[in-house]
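User: I would like to learn how to read a few features of a model. Please start with the terms.

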Protein chains: 2
Amino acid sequence: MKTEDEGSTLRIVDIARMAHVSTGTVDRVIHNRGKVSAENLQKVKAVLEMVDYRPNLMARSLASKRSYVIYAVIPSFEVGDYWADVYAGINRAIEEVGRYNVLIKIVYFDKYSELSFNRVVQDLKTRKFDAVLIATLFSDCVISFSKYLEKLSVPYVYLDSHIPDQKQLAYFGTSSQETGHVAARLLYSKVGVDKDILIGQIVHDDNSLSTQWINRELGFKNYLESVGFKGNLRYAKLRSGDESYNFKVLDDIFQSHENIVGAITFNSTCHVLGEYIKSRDHLNITLIGYDITKKNVDMLSGGVVSALIAQRPEIQGHCGIISIYEHLVLGRKVNSINYMPIDILVKENILFYNNIGL
Amino acid sequence: MKTEDEGSTLRIVDIARMAHVSTGTVDRVIHNRGKVSAENLQKVKAVLEMVDYRPNLMARSLASKRSYVIYAVIPSFEVGDYWADVYAGINRAIEEVGRYNVLIKIVYFDKYSELSFNRVVQDLKTRKFDAVLIATLFSDCVISFSKYLEKLSVPYVYLDSHIPDQKQLAYFGTSSQETGHVAARLLYSKVGVDKDILIGQIVHDDNSLSTQWINRELGFKNYLESVGFKGNLRYAKLRSGDESYNFKVLDDIFQSHENIVGAITFNSTCHVLGEYIKSRDHLNITLIGYDITKKNVDMLSGGVVSALIAQRPEIQGHCGIISIYEHLVLGRKVNSINYMPIDILVKENILFYNNIGL
DNA sequence: AAAACAAATGTGTTCGTACACACAATATGA
DNA sequence: TCATATTGTGTGTACGAACACATTTGTTTT
């Protein structure tokens, strides 16, 4: 606990006077520029500590000639997508700090293509920058890129899903397993103990599931097990964009398993299941999904999806940039793991979800 | 849409040069200080408009000698209370902007006493300040105070519950009726169409219900009506802190109405019902309440309360102060009505609720 | 002992804006 | 006509910190 200063903020000149040195010396101490005698170093540090010196950030930013380049590496998106919200948050951060010694550049990759991510990384390796914000869709690639960044001592911030044992400056996102618990709880409370649940796996070309999917599903199953769920989990492998195929697969499953009364997907594509449920009029089925995309929200408002789980993408994007700003420009400490709140959205509270005040 | 400037930000000297006047003249135009010829006023305004001049806020704040006093008028609280979170948000705002030309002072009133609120108001009338943040617990008193503030052209920001047709600079809080809908939906989905619901009214000395309570209850009933709820609403008038009395009242109600399977309170005192339900082992009853107070959260974690509805009090406090800062210091426009998201908290997602990133 | 050098320390200018003040131009009154 | 307001206009300094550069002090070399 620091004692409350009565308004009067001490400046560098004050520190200098108190330590009986010049402002230049204080400046050198503050910035570890060296060329200070051991004795003076000691004295100045003591005074700084004692008065809990806080630099005037306005003055600092004004005087500082140093300027920083930050790259944000995120998936490309369309209006209403999940990543559109992240982008909005990044943009809000740019509005706030973009003029003050930081230049933020956004580069995009294809969220279904590891290759495209790696291409972006290769391109970045030819460029000069001071920090990176990375959407961690492809863990392995991200880890390898992080190694490279560490060698250059370039700080990096992760967004979206957590990668353990990394040296990121900060991570913003949810605990994927916990979101699985929440999803399971919501579904279980409607489905009951002995009915079946459909898990819709909407896969893209490469046929692989993301780490986030895997962790969410893990959390989901853990919860069901913990509450003694006795029903079955039925899997439907669906294809993004191929409606006739999907409908056929789903028809088969629902015909052979009449006990299915709940359904879920572990990414933002639950609208695919929603379209089927809606067109087949299976409205007794409780459908739960992730992320506040336009399609999902429409399904929620229309009563097809009963709940969506969200993780404040806008805030994630915003905090991601701001944390870098605070680190680089203001020299502040930032938490390395920041789990975002897990939001439960239903028809009745979706309206205000994106009102985040300022 | 403004055109994107390629980095280079124009300064006052640049504007001056472009308009063929001195920086002093530009300054006078920007701040409406007068003493500028019609001709020059025109020219400078045109240039400012054309280049979409954005002052360097750092430099402005540094150079400005003007400093502002903001009062925050909120209820006193104990650790773990609802208003403790609001206070935390205000404090975070103080950390952020408190050093830069604004002095924020907090004054407290007793949340159960209109008189104490009015006393605070009377005291404020003897003081000098530039803006106020007001917790709108007592609408009538707030309206009368607002009239006074309008005469002095002192901007005021409302927190907590909305008062229509006022000229507040900004309001931060939820739409009370909507939160009633959400509560009803959650309860209804567990209770079903023909069971009874207990409404616990925990009243204080003055025996009156807050506007917020009334609106939440209104929204609650509207929802139940819209979905064709056929059960009965049973009311229990309880006293804060008088456990033996409350238990007796509740025992009576539950004995005479065996059909009650759901319960709710429309303020943060649902733990009072929770204590009863827990001690009588009525754990089949679905209990829903408002606000993330320590007592409520404990009940939620313990499985007694099944869901809590929250409205980001920390963010409200923070945004309240920041909106005043933006208005006074930065001269920015702020939205006059800001409905906060309505959060649904259950056992599984309560853990991360207060992680708000930065 | 003087010169050369390195290390330590102090001074001065700069960032973009606010604002006080000096000065110029015009108008008003005696 | 001169003195005095009145209004418009430009200049200079301050804000607090960063950083370049000048100066002092101490040490080593010749």
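Analyst: Helices (H or I, at least four residues) and strands (E, at least two) are DSSP runs, numbered from the N terminus. This is a predicted model, in which local features need pLDDT of at least 70, side-chain atom pairs count only at pLDDT 80 or more, and totals for chains, interfaces and linings use all residues. Residues are numbered from 1 along each chain as its sequence is written, while chains are lettered from A and ligands numbered from 1 in the order in which they are written.

User: Where is A:Asp165 placed, and is A:Asp165 buried or exposed?

Analyst: A residue is buried if 20 or more other C-beta atoms lie within 10 Å of its own, exposed if 12 or fewer, and partly exposed in between, with C-beta atoms placed from the backbone. A:Asp165 sits in the loop between β4 (156-160) and β5 (170-173) of chain A. A:Asp165 is exposed, with 5 other C-beta atoms within 10 Å.

User: What is the phi of A:Asp165?

Analyst: Most residues other than glycine have a negative phi. For A:Asp165, phi is positive, near 60 degrees. A:Arg312 also has a positive phi, near 50 degrees. A:Arg312 belongs to the loop between β10 (307-310) and α13 (313-328) of chain A, and is buried, with 27 other C-beta atoms within 10 Å.

User: How many residues surround DNA strand C?

Analyst: A residue is near a strand if its C-beta atom, placed from the backbone, lies within 6 Å of it. There are 27 around DNA strand C, and the closest include A:Ser22 and B:Arg11. DNA strand D is surrounded by 28 residues, with A:Arg11 and B:Ser22 among the closest.
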